[in-house]
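Q: I would like to go through this model with you, beginning with the contact between its chains. Could we take it step by step?

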Amino acid sequence: MTKSLYGAQEASAIWVYLEQNQGRLTGVSLELVGKARELTDGRSIPLVGVLLGDQVSGLAQEAIAAGADEVRVADHPLLRQYTTDGYTKAFTELILAGKPDILLLGATPNGRDLAGRLAVRLRTGLTADCTDLRLEEDTGLLVGEVTGFGGGILAYIKCPDNRPQMATVRPGVFAVPAPDGARQGKVVSVPVNLAKEDIKVQVLEHVDGQGVDITRAQVLVAAGRGCQGDLALINELASLLDGEVGVSRVPVDEGWASRDRMIGQTGYVTRPKLAIVCGISGAFQFSVGIEKAETIVAINTDAEAPIFEQADYCIVDDMFDVLPPLIEAVKRARGGNGGR
Amino acid sequence: MRPLHIIACVKVVPKPEEIRVDSETWTIQRDGVRSEINPPDMNALEMALALKEQHGGRVTVVAMGPPTFVLYLRLALAMGADEAYLLSDRAFAGADTLATSYTLAQGIRKIGDYDLILCGEESSDGATAQVPPGIAEWLNTAQITYAEDLEVLPGSGMVKARRELTGGYEVIQAPLPCVASVKAGANEPRFMDMERKAWAEAEGPLTVWTATDIDVDPEMIGLPGSPTIVDGVAQAEASERKREFLAGTPEEQAQALVERLRAYL
Ligand SMILES: Cc1cc2nc3c(=O)[nH]c(=O)nc-3n(C[C@H](O)[C@H](O)[C@H](O)COP(=O)(O)OP(=O)(O)OC[C@H]3O[C@@H](n4cnc5c(N)ncnc54)[C@H](O)[C@@H]3O)c2cc1C
């Protein structure tokens with residue numbers, strides 16, 4: 001078998017990649033720290049966060065408050081912007097020096113870009129897009145749960161011999177832990193050897209998202225092909241419920257909505273308290289992004305649509321007939337509550 | 001610069017809507033399931049063909065899988081690819097992303113003289129998105145993942161691409177040779193050309209290579225070359241949903257729903 005650059009005997013600790021963008025930690029990094037804390041509890045496994053960037057040590061405390069015992073900070077001007085080359089080289093050196101047993105990364109675009117490259121450089125196994133993580137009772141091996149083909153089966157993946165055992169997890173799969181400002185942890189600054197020639201690519205332009213984060217929404221009103229490009233009622237209901245608008249892939253492909261609102265396998269895994277799903281058939285690539293909702297309402301003209309098998313309250317009707325009275329009924333109910 | 005040589009990597013996957021899980025054995029029923037080229041790989045192939053039209057050069061398609069996949073490679077030839085290679089050997093079976101990216105990279109090395117390697121962003125079945133960065137690492141080239149748009153800058157030996165990020169985007173420039181993964185829906189894949197179809201079926205240049213043809217280390221391919229193992233499968237627990245159908249006119253349904261959702265209002 002392909003041998004990794006170091007073996008299981010030498011390896012220790014769980015490392016979490018603390019992905020930052022323009023000096024802000026991504027939510028999924030904290031979600032992973034929270035989950036890793038849960039995994040290490042009752043076992044004496046150190047939990048280490050790894051920060052790469054330019055003058056980012058200020059973010060370390062946030063990871064410690066979320067549960068990290070230690071944060072290693074690799075600060076370098078050439079790490080100011082994410083590049084595959086720069087981050088892979090710096091991270092590889094950190095890993096070979098520290099020899100983590102487990103390495104967790106968020107499955108963001110750049111997290112996946114880095115994880116895929118790192119895993120091959122380290123000649124190790126990577127379980128992508130896990131929906132759950134646990135440590136095996138007797139061996140302590142990481143077991144990643146992934147949704148198998150078709151969404152109907154779960155597969156459990158292990159990496160017994162190669163190190164680190166790598167896994168990526170999508171944003172929203174785990175909850176962000178409540179920060180504990182009193183937690184103490186070590187912040188260690190590590191040396192970085194990087195030269196301009198190490199980085200083949202050049203970032204010419206970088207534009208951040210507009211800040212819609214549907215993974216944090218408490219209420220989601222979602223629309224699919226059935227809305228025919230008309231999102232007015234969906235917008236109205238969402239704002240009435242202090243929620244966000246989400247969509248299936250079709251409105252994104254059609255240009256009716258931006259990609260940051262897409263729910264599902266290529267979109268986001270969401271965990272709202274309430275999801276109202278209108279004109280969406282319920283393909284599994286969509287459903288994986290909504291199944292963590294506490295309550296799901298489906299409105300669809302087709303009584304046979306798979307979405308109804310995944311919903312708590314089902315309305316077989318035209319969304320354009322149901323939404324206006326629904327908006328009125330919500331207004332009345334809110335009025336009765338004295339509004340909010 | 002010599003004429004551009006673009007290699008498009010394609011995977012053949014079962015059509016998502018046809019996948020059924022056997023409720024007794026919890027395995028995927030593959031019998032009688034129709035397959036297709038992974039949709040984002042079609043976007044990668046289309047991008048390759050469009051770049052060839054713009055800059056000249058040639059497009060080679062490569063896939064890994066059983067001999068039946070030649071059918072799909074002929075489709076790629078009929079769409080406009082110049083040559084196709086299928087890496088096919090029982091020894092490749094059961095590969096995880098490390099072994100798969102290694103095998104494809106060795107195939108690509110053997111094809112040789114590549115400038116740009118295009119893949120789909122992820123497959124509709126595995127959906128790991130890890131193979132393109134893996135190929136880039138094995139070949140020691142630059143990588144551009146999640147490209148929505150990609151230009152070859154004539155004369156400079158560079159490509160410029162717009163990458164999609166969470167909500168935002170980035171424009172990056174990379175030297176050739178380079179591996180790029182193409183976003184699903186980045187373009188409209190063309191239909192096959194009927195005249196080329198006859199040519200592709202009769203004499204399309206299609207080569208099948210086994211493990212010995214592409215100089216792979218037998219320890220690094222297939223199941224034995226894969227550090228990850230499947231340790232078990234289980235049926236996904238359908239979360240308990242009430243599945244209560246609300247009856248009546250839209251007004252009555254709306255009222256009934258609001259009564260049930262009081263806690264959230
Ligand atoms: C690799 C890959 C990744 C993917 N990732 C995602 C993903 O992340 N997210 C995602 O959503 N999809 C994803 N898809 C696509 C997915 O397979 C489905 O095609 C998509 O979810 C369908 O969207 P839809 O339900 O809006 O449209 P459709 O399947 O066309 O359903 C439209 C529904 O609207 C109903 N309808 C029509 N008119 C009305 C009306 N007036 N009132 C009420 N109901 C009405 C219809 O009965 C129908 O059920 C992916 C596919 C692939 C291959």
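Q: How many residue pairs are in polar contact between chain B and chain A?
A: The model is a predicted one. Between chain B and chain A, 37 residue pairs are in polar contact, with both residues at pLDDT 80 or more.

Q: Which elements of chain B give two or more residues to the side that touches chain A?
A: They are α3 (97–111), α4 (131–139), β9 (142–153), β10 (158–164), β11 (169–175), β14 (229–235), β15 (244–245) and α6 (250–260) of chain B. The largest share comes from α6(B), with 8 residues.

Q: How do the residues on that side of chain B divide into nonpolar, polar and charged?
A: The side of chain B that touches chain A has 38 nonpolar, 23 polar and 20 charged residues.

Q: And how many residues does the contact take from each chain?
A: Chain B gives 81 residues and chain A gives 85 residues.

Q: What area do the two chains bury between them?
A: Chain B and chain A bury about 7,300 Å², and 57% of that is on carbon and sulfur atoms. Of the area that chain B buries against chain A, 11% is supplied by B:Arg241, B:Tyr264 and B:Leu265, more than by any other three residues.

Q: Turning to charges, how many salt bridges are there between chain B and chain A?
A: The count between these two chains is 7 salt bridges. A search of the whole structure, over all chains, finds 36.

Q: What does B:Glu137 meet in a salt bridge?
A: The side chain of B:Glu137 meets that of A:Arg117, at 2.7 Å from N to O. This pair crosses between chains, from helix α4 of chain B to helix α4 (residues 109–121) of chain A.

Q: And which side chain does B:Arg163 meet?
A: B:Arg163 forms a salt bridge with A:Asp113, at 3.9 Å from N to O.

Q: Which strand of chain A pairs with β15(B), and is the sense parallel or antiparallel?
A: Strand β20 (residues 313–316) of chain A pairs with β15(B) in the parallel sense, over 2 bridges. Within this pairing, A:Tyr313 stands opposite B:Glu244.

Q: Now the ligand: which residues come nearest?
A: There are 24 residues around the ligand, and A:Arg225, A:Ser248, A:Thr266, A:Ser281 and A:Asn300 come nearest.

Q: Why is the site shared between chains?
A: The site is shared because residues from chains A and B surround the ligand.

Q: What lies opposite the nitrogen and oxygen atoms of the ligand?
A: A backbone N or O atom of A:Ile263 is 2.8 Å from a nitrogen atom of the ligand. For A:Gly267, a backbone N or O atom lies 3.1 Å from an oxygen atom of the ligand. In A:Asn300, an N or O atom of the side chain is 2.7 Å from an oxygen atom of the ligand.

Q: Changing topic to the backbone, is the peptide bond from A:Arg163 to A:Pro164 cis or trans?
A: That bond is cis, with omega near -5°. A:Pro164 is placed in the loop between β12 (162–163) and β13 (165–169) of chain A.

Q: What about the bond from B:Leu176 to B:Pro177, cis or trans?
A: The bond from B:Leu176 to B:Pro177 is also cis, with omega near -5°. B:Pro177 is in the loop between β11 and β12 (178–182) of chain B.

Q: Finally, where does A:Gln22 lie, and is its phi positive or negative?
A: A:Gln22 lies in the loop between β3 (20–21) and β4 (24–25) of chain A. Its phi is positive, about 50°, although A:Gln22 is not a glycine.

Note on methods: Residues numbered from 1 in each chain as written. Chains lettered and ligands numbered in written order. Predicted model: local features only at pLDDT ≥ 70, side-chain atom pairs only at ≥ 80, totals over all residues. Heavy atoms only, no water. Contact = heavy atoms within 4.5 Å. Buried area = accessible area lost by both parts, 1.4 Å probe. Salt bridge = Lys/Arg side-chain N within 4 Å of Asp/Glu carboxyl O. Polar contact = N/O pair within 3.5 Å; in protein donor to acceptor, adjacent residues only side chain to side chain. Helix = DSSP H or I, 4+ residues; strand = E, 2+ residues; numbered from the N terminus. Nonpolar A, V, L, I, M, F, W, Y, C, P; charged D, E, K, R; others polar. Pairing = 2+ DSSP bridges. Near = heavy atom within 4 Å.
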